[in-house]
Amino acid sequence: MAIRPGNGENGREFKMAILFFIFFSCYFIYFRLFSLGFAHLLINMPRTSVIIILAFVTAVLIKFAPLLFFKKNAVYDFIKSIYSSVNKSIIIFSAVLSGICGPNLILFGIDGIEIAGFAGILAALSGICVSFIFFIILFQSVYNSRDKIISFLKIFIDLKFIAVIAAVNFMAVLYIILSKQVYFWDNAGYWQSAASISGIIFKNPGVFFDNLVKSVFNSDYNNIPAVIPAVIMAVFGTGRLIFILAIINFYFVPFLAFIYMTTKKFADFIIIALFLPMAFYLTIIGFLDVGGIFLSLIILYVFLFGKENYNLDFINGVILCLLILFRRWYIFFAAAFLICVILYAVVLYKTKIKKSVVTLLGFLSSFFVFFQGYFTKRLMAKNYADIYSAYKFSFDTDIKIFLRYFGIALILTITFYIIYCVVKQKQKKEKLINLIFLYVFIVLMFVMFTLIQTHGQQHLLLYVPGFALILFCMTQDFKIKRDKIILAAVSVLCTVSIFLPRVQPQAISEIKTYAPLPSFSVYPIVRNDADELMRLDEYIKTLDGKITVLASSFVINADILAKAEASLNPLKSLKPSENIFTLPAVDKRDGRPYNIAYADYIITASPVQTHLDPQDQQVVVIPALMLMSDTPFSSAFEKTDIIFKLKDGVEVYIYRRLRPNTDEEMNEVWEKINIGD
């Protein structure tokens with residue numbers, strides 16, 4: 001909760017936090033019942049008009065309006081104290097955002113409720129009231145924390161850190177230029193999203209904002225992480241190199257800066273960074289998810305190592321909400337963090353109960369006020385364990401991929417350190433509890449994730465902040481030069497290991513060993529069939545009609561064909577494919593490929609290409625086999641003479657449609673695809 005510096009009323013402010021939480025809860029009870037009961041009455045009004053009107057009215061009257069909702073009581077006094085102390089620019093900024101966000105609370109809350117009639121206007125006014133209170137508390141908290149923010153920004157004028165920034169940019173450029181790889185799926189999806197919205201972010205900001213909101217509720221890959229790269233790409237172009245440099249400088253570099261700020265010693269900072277090279281690697285291969293490690297590192301550090309400061313604690317809770325919005329799977333971080341916060345506050349260290357409550361308040365007030373709909377419709381409405389069951393491998397596989405990116409050496413180093421601290425009890429009680437918190441937090445997060453699905457490489461970013469802070473404690477404790485040298489030597493080994501030449505597995509199932517050191521490679525990837533792939537790409541451009549791909553492997557799939565040219569030419573702008581459309585690829589996640597009936601050309605391969613167990617990709621395997629066999633379905637196509645030979649002995653064929661398939665022919669395909677629906 002935001003407070004004025006030096007007012008000495010922490011207890012009273014703590015009670016205010018509880019009162020505001022009760023107010024938010026009461027708002028939802030009122031708003032949900034009112035909207036559900038009366039939204040169908042009276043006149044309709046276009047949503048845009050209502051937003052414009054209410055934003056204007058709010059900007060004019062917001063200074064007085066909230067006071068009308070309260071009698072003279074503790075809440076009234078608290079709001080009045082804010083009015084008397086807060087900067088006027090903060091009030092104006094809060095007012096404008098309240099006018100915009102207030103009406104949208106309706107869309108964020110309930111399906112089918114729109115800004116309509118008298119009920120909609122009243123509900124929007126309630127939303128404005130709540131959002132104004134939230135924003136003015138948030139902005140005042142940021143304003144009161146400005147010294148901390150300025151202190152962080154000063155890191156970027158430190159000459160040593162400037163050298164680090166230059167080094168990571170140089171290595172990224174070198175990797176992209178020397179690579180001859182096609183990027184697709186997870187490490188290209190956000191490249192495509194950023195390129196797509198970069199064209200409208202300045203030209204049509206209204207459409208951009210509307211699409212951004214819709215993406216949060218309609219897609220597991222919402223556009224929030226792509227916004228910053230999209231701004232950069234709108235200026236410098238949508239090439240792969242620009243995209244990667246945007247991630248490096250706006251997502252990865254702030255993570256390094258925060259570590260540098262906390263350690264205060266350049267040597268300690270380097271040790272921590274060398275222990276965790278996977279963060280840099282995932283950045284240069286295009287995972288926007290790396291932006292979450294900066295946010296999650298702030299959350300852990302402020303809660304565990306920050307002094308009791310209601311301004312920072314409230315902001316910390318809001319950042320936790322933003323982390324989940326940034327990428328859906330960071331909810332595992334949030335869930336494990338909230339569980340540990342409760343245990344920390346109630347069971348382990350009761351003196352931090354207030355810090356815990358204010359952190360929770362910041363999270364709950366932002367998440368359930370503005371994004372309750374996201375929580376209920378997007379996260380809770382789906383059984384992700386079932387949807388991603390095809391991506392569920394053995395627990396042993398999770399251990400192997402975990403060690404592939406972190407190494408046994410790192411795990412043993414921090415484990416032995418914590419055991420030593422517990423046994424010897426050389427640490428202060430609070431610091432020892434912090435270490436136990438971090439270790440339990442990491443283990444809890446790992447268990448929760450593996451119950452749902454097997455880790456992809458990007459999911460391992462969940463653990464980077466926890467490891468970084470444990471290593472931070474180690475660098476602070478190791479005062480003897482010998483101990484520091486040993487720690488530095490192990491960290492150097494972790495980074496040197498990734499420069500060793502080795503064959504890299506293409507799929508999770510191909511990881512066979514428990515790596516003592518990180519075993520991925522930062523050597524630029526060179527695809528030996530790149531020229532043949534480009535020949536296929538050029539041929540596809542000559543085809544007139546709708547094209548689809550019945551193949552889903554790391555050798556060939558629809559995304560590879562759509563992004564081949566821009567991937568192999570890092571300065572070339574990424575443009576959406578005009579004639580290639582995507583078919584379902586994973587049975588339980590995607591369903592049957594009904595849109596195959598609209599394809600004029602079908603590209604497939606022999607052997608049939610899948611990236612999972614063929615039993616989990618019947619939607620690819622069965623139509624592909626039927627197309628390449630003498631079946632009623634294949635009689636509607638003819639095989640062209642040209643064949644393309646890709647790596648691993650894969651041959652690519654192209655089939656041209658001669659006539660539409662009959663209902664009977666298509667029904668035969670659907671009947672053979674048994675996906676249990």
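Helix H7 passes helix H11 in a right-handed crossing, where right-handed denotes a near helix turned clockwise from the far one by less than a right angle. The structure is a predicted model, in which local features need pLDDT of at least 70 and side-chain atom pairs count only at pLDDT 80 or more, while totals for chains, interfaces and linings use all residues. Residues are numbered from 1 along each chain as its sequence is written, and side-chain values use heavy atoms, with hydrogens and water left out.

Helices (H or I, at least four residues) and strands (E, at least two) are DSSP runs numbered from the N terminus. H7 spans residues 159-178 and H11 residues 240-263; their axes lie 10 Å apart at an angle of about 150 degrees. These axes are lines fitted to C-alpha atoms over the stretch in contact, with angles running from 0 to 180 degrees between N-to-C directions. Among the residues in contact (heavy atoms within 4.5 Å) are Phe 161, Val 164 and Asn 169 of H7 and Leu 245, Asn 249 and Phe 252 of H11.

The phi of Lys 264 is near 65 degrees, a positive value in a residue other than glycine. Another backbone feature is the cis peptide bond joining Ser 606 and Pro 607, with omega about -5 degrees. Pro 607 sits in the loop between strand S3 (601-606) and helix H28 (618-627).

Turning to charged pairs, the whole structure contains 17 salt bridges, each defined as a side-chain nitrogen of Lys or Arg within 4 Å of a carboxyl oxygen of Asp or Glu. One of them pairs Lys 180 with Asp 531 (3.7 Å, N to O). This pair links distant parts of the chain, 351 residues apart: Lys 180 belongs to the loop between H7 and helix H8 (189-198), and Asp 531 to helix H25 (residues 530-541).
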